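Work through the exercises below with the coordinates open. Try each task before reading its solution.

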Amino acid sequence: MAPSFTSPSPPDNSKAALKQLSSYNSHLLRRVSSHKLLSISSTLLFRTAILLTMTLVLLFTLHYPSLLSHSLSLSSPHPTNPHRSLLSSNRLQSLNPLEIRRSATPTRTNGLSILVTGAAGFVGTHCSLALKARGDGVLGLDNFNSYYDPSLKHARQKLLHKNGVVIVEADINDSQLLIKLFQLVHFTHVLHLAAQAGVRYAMKSPQSYIQSNVAGFVSLLEVAAKNADPQPAIVWASSSSVYGLNKVSPFSESHRTDQPASLYAATKKAGEEIAHVYNHIYGLSLTGLRFFTVYGPWGRPDMAYFSFVHDIIEGKPINIFSNAKRDFTYIDDVVMGCIGALDSAKPSTGLPGGSKKTGPADLRVYNLGNTSPVPVTKMVSIIESLLGKKAKKNVVEMPSNGDVPFTHANVSLAKRDFGYQPSTDLGTGLKQFVKWYVDYYKLEVISKKKEKAQEKVASS
Ligand SMILES: O=C(O)[C@H]1O[C@H](OP(=O)(O)OP(=O)(O)OC[C@H]2O[C@@H](n3ccc(=O)[nH]c3=O)[C@H](O)[C@@H]2O)[C@H](O)[C@@H](O)[C@H]1O
């Protein structure tokens, strides 16, 4: 029978009884203490388990956005995530208002004050430099995601910093941070270039396109419509891809854009429709620019011309999609187009606080192309002659992954409204790109070093 803790056996005077009793007692004490120990340990174990679970839940919540962003490679914190406010407040605290205002203040009379989203991107960097150089105030915003090598984005950031442009590292979905920026600076304009780019990558990571090109755009428009005082005029990057399966060439803004061939194209088209809503309700001045395969120095490594140069130098084979043609447009021409669109945009007509517009505002869309499509095979032969090296070519059927066979821009609208006139042919533009590429990746230095080493070996 199990000993009772409350009623041990009565005492006995005899030694034997005492011995028995003491042995019984020590047995009892051992049982009692081992039972107590057992009970204490199980309580402790239970509490530790609860504590551990809570810590794990907390840790998961804290790291959820970064886990998500890794799995999508590019996604940013979700706006409705409960952890958002914590992230946002951390970023808000790290803002330097003096630095921000200095960067965003124009140095010329009547200069613009522009928030450039995607400033560490290819087009964003070039536009920011050009705007700053003519005396406008420019503040950059970029989330430095890892869609392609972020070190290239940081190198662009360094270049911008040298030229007086600060980039705030944050996501356009971070509304709190956007609100704070609009409180710090009365931006006259926004050049919205932050986006998930790339046509074919949309099959691998569809959500990142929704996150950046739809949700992110809405996040920016909400703040611009309801929190900015004054409401800025917004110029933003749409894409030639909105023409999708349209067969009528050259593509003009009046052509149909209801047959997108990729999710990328669909999100850019969605952007144009969303722009209509914010213009209609809030009087935001909105200009969408349909870029046609923009290329040049500091370009995007995911684009064909960039990866072809890389692969040819490395002696790797390249896939050329047969019969593909593009209206390749040089970056300097696109920068002129962006600046023209900014300068010609009329102010927004809504009152701050999201009240209705006081009158109609600009709602515009323009092609920014080169008006001269070139077959991809020709692009490759230009690169070969610039590099002095033959490519290992695989000419393959164009895979059905969202690509369209050709693009060709009619730019007469942009010419009429802000004098857009592309002037760089593909040969000239690619020459500039290869020059930059060799310099950026220190290929000349390496080959000179090699030459010297070879000379040394030869002379010894
Ligand atoms: O104007 C736009 O709105 C888009 O332009 C750009 O898309 P694209 O015109 O598709 O550029 P890019 O990938 O450089 O392919 C160039 C050509 O090479 C062909 N191509 C491509 C890859 C390959 O391996 N082989 C090949 O032949 C391919 O078939 C194509 O004919 C931007 O990336 C996009 O973000 C968006 O801005």
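The model is predicted: local features need pLDDT of at least 70, side-chain atom pairs count only at pLDDT 80 or more, and totals for chains, interfaces and linings use all residues. Residues are numbered from 1 along each chain as its sequence is written, and side-chain values use heavy atoms, with hydrogens and water left out.

**Exercise 1. Describe the protein chain as a whole.**

Step 1. Check burial. Of the 460 residues, 47% are buried. Buried means under 20% relative accessible area, with a 1.4 Å probe and protein chains only.

Step 2. Take the surface. The accessible area is about 23200 Å², and 59% of it belongs to carbon and sulfur atoms. The Shrake-Rupley method with a 1.4 Å probe gives such areas; for residues, only the protein chains shown count as cover.

**Exercise 2. Characterise the shell around the ligand.**

Step 1. List the shell. It holds 23 residues, and the closest are R200, S239, S240, A304 and R326. Near means that a heavy atom of the residue lies within 4 Å.

Step 2. Find the polar atoms facing ligand oxygens.

Step 3. Compute burial. Alone, the ligand exposes 690 Å², and the protein buries 91% of that.

Step 4. Assign elements. α9 (304-314) and β8 (317-321) each give two or more residues to the shell. β8 gives the most, with three.

**Exercise 3. Locate the nonpolar cores.**

Step 1. Define the set. A nonpolar core joins buried Ala, Val, Leu, Ile, Met, Phe, Trp, Tyr and Cys residues through side-chain atoms within 4.5 Å.

Step 2. Take the largest. It has 75 residues; V123, L191, F291, Y305 and M379 have the most contacts inside it.

Step 3. Find the second. A separate core of 35 residues includes V185, V190, Y282 and L286.

**Exercise 4. Is S128 buried or exposed, and what does it touch?**

Step 1. Read its area. S128 is buried, at 0% relative accessible area.

Step 2. Find its polar partner. A polar side-chain atom of S128 lies 2.7 Å from the backbone oxygen of G124.

Step 3. List contacts (heavy atoms within 4.5 Å). Not counting residues up to four places away in sequence, S128 touches V116, A119, V138, L160 and V165.

Key: Helices (H or I, at least four residues) and strands (E, at least two) are DSSP runs, numbered from the N terminus. Buried means under 20% relative accessible area, exposed over 50%, partly exposed in between (1.4 Å probe, protein chains only). A polar contact is a pair of N or O atoms within 3.5 Å; within protein, one must be able to donate a hydrogen and the other to accept it, and residues adjacent in sequence count only if both atoms are side-chain atoms.
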